[in-house]
Amino acid sequence: MTPSNISRRNLIRAATLGGGAIALGQLGAAGIARAAAAAGGTLTVGIPGVPITLDPVNQINHDWMVASQMIFENLIEFDDDGVLKPQLAKAMPTVSADGLTYEFDLRENVTFSNGQPFGAEDVKYSFDWLLDPANKAARRPVFTRIKEVTVLAPLKVRFLLSEPYAPWLAFMTKCMGIFPRGSREGAAPDLFRNGAKGMGTGPAVFEEWRQNEYISLTRNPTYWNKGIPAWERLVVRQLPEDATRVAYIRTGQIDIMSSPPPRDFEQLKVTPGLEGASRPTLGGWVALYMDNTKPPYDDVNFRRAVSCAIDRAAIADKVYRGLMDPSAISAPKSAWWYDAAADRASGFDLERAKAYLAKSRYATGAQMEITIPSTPYLLDCRDAALVVQAHLKRIGIDAKLKVIEFAPMLQSLIRGGEPASMWVQMSPGEPTYLLQNVLTPGQIMSKSTSYDNPAFVALLKQSFAETDQEKLKPLYARVHALLAEDQPIAWIGFAHAANVWRKRVHDFKPNQGLTIDPRPVTLT
Amino acid sequence: MLRLILDRVLFSIVTVLAVGLCLFVLTRSIAGTPARIVLGTDATEAQIAQFDVDHGLDRPVLVQYGKWIWGIAGGLDFGTSLVSGRAIGPDLRDSLPITLELVLLAFAFAVIVAIPLGVLSACYRGSVVDHASRIVAVLGVSIPGFWLGLMLIRFPAVEFGWFPPGGFVPWSDGAMEHLRSLAMPAFALGVYYIAILSRMTRSGLIDVSGLDYMRTARAMGLSRGRILLYALKNALVPVVSVGAMSFGYMFGWALIIEYLFNLPGMSNALLTAINNRDYDTVEAVVLIFTVFFIVSNIAADIINAWLNPRLGATA
């Protein structure tokens with residue numbers, strides 16, 4: 001808001017917004033002052049991906065969750081620092097001793113943006129709809145252990161699981177959203193896919209979707225968390241080209257930029273009028289997948305040699321310029337489930353790599369083909385794959401790179417058609433999602449590795465039944481040790497969430513879950 | 001002339017049907033199904049198969065083609081995108097004017113600059129003007145459009161702030177802002193064709209200048225301007241043909257330009273659709289581009305028949 005357009009109406013609204021923020025502790029003192037001075041305005045975000053849907057049960061694009069998570073909310077959320085906290089639930093659930101029953105007390109005075117009050121019936125309706133195979137929800141597979149949802153009171157709901165499965169709480173943030181009871185029946189076929197106006201409890205309401213241009217949302221005036229958001233309108237622009245995205249942030253056409261190209265990031269951070277920051281994600285791993293049943297990957301010593309031959313620090317430094325944390329295990333260094341011993345065991349050591357290769361059936365060298373996506377997904381793997389190729393050459397492994405489009409590559413991986421591949425996957429920010437998805441039999445990505453070790457499955461199952469982090473740490477140490485021994489995948493590192501923003505944007509920080517979180521942002 | 005137009009239109013309908021069939025068959029032979037995009041990485045093979053059944057993707061390609069072309073012929077119904085779930089027709093109606101305007105602006109810019117440049121170059125052969133024109137042509141042909149686009153974004157937009165670095169401003173937001181949003185993309189798209197058309201004009205004019213009837217005209221003492229007019233009328237025949245082809249090609253090149261300048265036009269929609277395996281949108285956009293290509297060539301034939309009536313008589 002410039003001095004010329006300060007009006008009595010805006011001042012009153014600004015004061016109200018500031019007051020709400022104090023009550024809920026969402027903004028610091030400086031943020032409150034800014035909210036009061038600058039309530040309203042349009043926040044414009046530029047992201048590279050192409051949106052397919054805004055339906056929370058079918059949303060698979062992490063970039064575009066910035067829009068769908070503004071419309072729909074969940075019982076529990078992963079906050080920007082990777083901490084689970086209640087959202088539509090009043091508090092974290094009470095869990096039965098056997099880990100099968102979860103009871104949630106829900107927030108009072110929450111309404112959907114169409115005015116319909118929110119309650120336990122809506123939660124049951126949403127999950128029942130998700131779990132009904134007839135509805136073909138893309139996110140159903142991660143919730144199939146939910147056996148039954150029961151309404152105990154208007155604001156109390158119980159989930160009964162078929163077996164202990166603690167991680168399902170973490171999956172809610174990215175894989176689910178609550179919508180009003182009865183909203184799917186009789187609705188236009190694409191209502192939810194195209195924005196579902198009025199169907200969410202979130203801080204914003206769908207406004208417009210201009211194909212190949214942007215999706216816009218407006219502030220939800222009835223949002224339960226008063227004072228949030230401080231902006232009036234959110235525009236999420238689709239900017240797939242790196243150079244265009246950089247030009248947009250430099251000229252002020254966008255306020256926050258997602259996925260800055262690593263080569264430009266340092267310069268953008270010090271550009272006048274701009275700020276930038278990055279932080280490691282908890283679940284965005286970059287890895288070299290190997291089909292453990294196909295030669296030469298069927299030899300554990302060969303897989304170990306591959307893992308030890310990759311100089312992850314060099315890739316992090318030279319290719320990603322600090323926007324990837326090197327790690328040779330399925331945990332970033334910043335995660336509580338990280339294990340340094342396992343990282344050392346699988347990490348870069350040229351002599352050890354040569355020794356492993358000498359012990360393998362491919363002592364005289366081997367050839368391999370690594371499939372990589374032609375278009376970046378979350379992080380561009382093409383340059384990193386070239387470096388990996390060079391590293392493998394040093395121990396006598398001749399790697400060829402096969403570049404194909406991401407969508408057919410995924411299909412081929414699911415069918416087990418790519419013996420080796422290198423790409424990035426994103427989990428909801430907890431330890432088990434990707435391990436289960438990729439390394440246990442019968443899962444969607446199982447054939448990308450064909451890894452089958454009952455001891456590993458048993459360890460994972462044991463971890464599902466435990467919720468105490470202190471008790472989980474030794475369990476995950478055993479998981480990491482086992483994986484370092486078998487080396488079914490060569491982990492390379494974890495992607496950083498990086499953003500650049502204009503100086504008029506305040507109270508913003510990169511989200512460890514990768515998706516931009518515009519809720520706390522204030523504008524001047 | 002009427003016979004010529006009728007011939008060309010009938011031939012064009014057959015061409016559109018044949019192109020449509022090739023397009024349809026080839027698009028569906030691309031590896032990958034849109035189901036994976038829609039249902040995501042967690043979808044099972046059974047879910048994928050069910051999606052294909054639900055959307056008729058399991059039926060023979062010719063049956064799918066027949067249904068599609070019938071829908072278009074019956075009422076411009078391009079169907080619904082499997083990926084976005086939206087009717088394709090309304091989205092095309094939004095994006096087509098942007099691409100069409102971009103291409104028309106670029107084409108007009110190319111023609112307005114190229115023909116005078118070619119004429120000057122031919123009239124002052126070997127002079128500084130001719131050499132300057134050759135340099136412009138070499139640069140225009142040599143500089144890749146995407147690189148030129150990047151340079152335009154970097155300097156006139158970001159460094160000097162003369163133009164927006166991208167995006168489309170509708171007419172309703174002001175004529176000047178609208179034209180500013182299209183100026184750099186149109187320039188980047190048109191430069192290559194300035195080179196082509198100016199060289200064509202130059203060589204055509206030089207060829208015609210040496211013909212007997214031009215010598216006769218000069219001997220009769222006609223004015224220089226009048227002689228130039230007569231010469232141009234014949235020299236422009238190949239320029240018009242190449243111009244028409246260029247107009248068609250511009251829709252293809254617009255793909256890179258729209259992507260670079262983030263214009264929500266039809267070429268950008270095509271690129272997005274290709275990445276998303278959105279068959280229906282790909283087919284609809286390419287079919288429309290084909291129609292534009294054919295229409296521009298018919299227009300070239302008509303203009304050439306007007307410039308040189310003997311061409312119309314022998315068509």
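Select helix α11 of chain B, residues 266-275. Its buried residues are B:Met266, B:Ser267, B:Asn268, B:Ala269, B:Leu270, B:Thr272 and B:Ala273. A residue is called buried if 20 or more other C-beta atoms lie within 10 Å of its own, exposed if 12 or fewer do, and partly exposed in between, the C-beta atoms being placed from the backbone. Helices and strands are DSSP runs numbered from the N terminus, with at least four residues (H or I) for a helix and at least two (E) for a strand. Seven of the 10 residues of α11(B) are buried, so this helix is largely enclosed by the rest of the structure.

The model on the screen is predicted: local features need pLDDT of at least 70 and side-chain atom pairs count only at pLDDT 80 or more, while totals for chains, interfaces and linings use all residues. Residues are numbered from 1 along each chain as its sequence is written, and chains are lettered from A and ligands numbered from 1 in the order in which they are written.

**Around helix α11 of chain B**

Next, display α5, α10 and α12 (279-307) of chain B, against which the buried residues of α11(B) pack. Then select B:Arg277, which follows α11(B) and has a positive phi, near 55 degrees.

Select B:Asp91, B:Leu92, B:Ser95, B:Leu96 and B:Thr99 in α5(B), which meet B:Met266, B:Ser267 and B:Ala269 in α11(B). The residues of this contact divide into four nonpolar, three polar and one charged. Here Ala, Val, Leu, Ile, Met, Phe, Trp, Tyr, Cys and Pro count as nonpolar, Asp, Glu, Lys and Arg as charged, and the others, Gly among them, as polar. Two residues are in contact if their C-beta atoms, placed from the backbone, lie within 7 Å.

**The whole of chain B**

Along its principal axes, the C-alpha trace spans about 80 × 55 × 35 Å. Of its 315 residues, 38% count as buried.

Select B:Ser209, which is found in helix α8 (residues 175-209) of chain B.

**Where the chains meet**

Show both chains. In this interface, 39 residues of chain B are in contact with 33 residues of chain A. On the side of chain B that touches chain A, α2 (34-39), α3 (45-54), α5, α7 (145-159), α10 (224-260) and α11 each supply at least two residues. That side has 16 nonpolar, 17 polar and six charged residues.

The largest nonpolar core has 221 residues, and those with the most contacts inside it are A:Val286, A:Leu288, A:Val424, B:Leu197 and B:Val285. Such a core is a set of buried Ala, Val, Leu, Ile, Met, Phe, Trp, Tyr and Cys residues joined through C-beta atoms within 7 Å. Select A:Val424 next; among the residues it touches are A:Trp285, A:Tyr377 and A:Ala495.

**Chain A**

Select chain A, whose secondary structure comes to 16 helices and 19 strands. Buried residues make up 55% of its 524 residues.

Move to A:Lys269 in helix α7 (residues 262-269) of chain A. A:Lys269 is partly exposed, with 15 other C-beta atoms within 10 Å. A:Lys269 and A:Arg502 are 233 residues apart in sequence and 9.9 Å apart in space, C-alpha to C-alpha.

Finish at A:Arg361, in the loop between α11 (350-359) and β14 (366-373) of chain A. A:Arg361 is partly exposed, with 13 other C-beta atoms within 10 Å. From A:Arg361 to A:Phe302 the distance is 7.8 Å, C-alpha to C-alpha, across 59 residues in sequence.

Conventions
Axes fitted to C-alpha atoms, helices over the stretch in contact; angles between N-to-C directions. Lists of a residue's contacts leave out its neighbours within four places in sequence.
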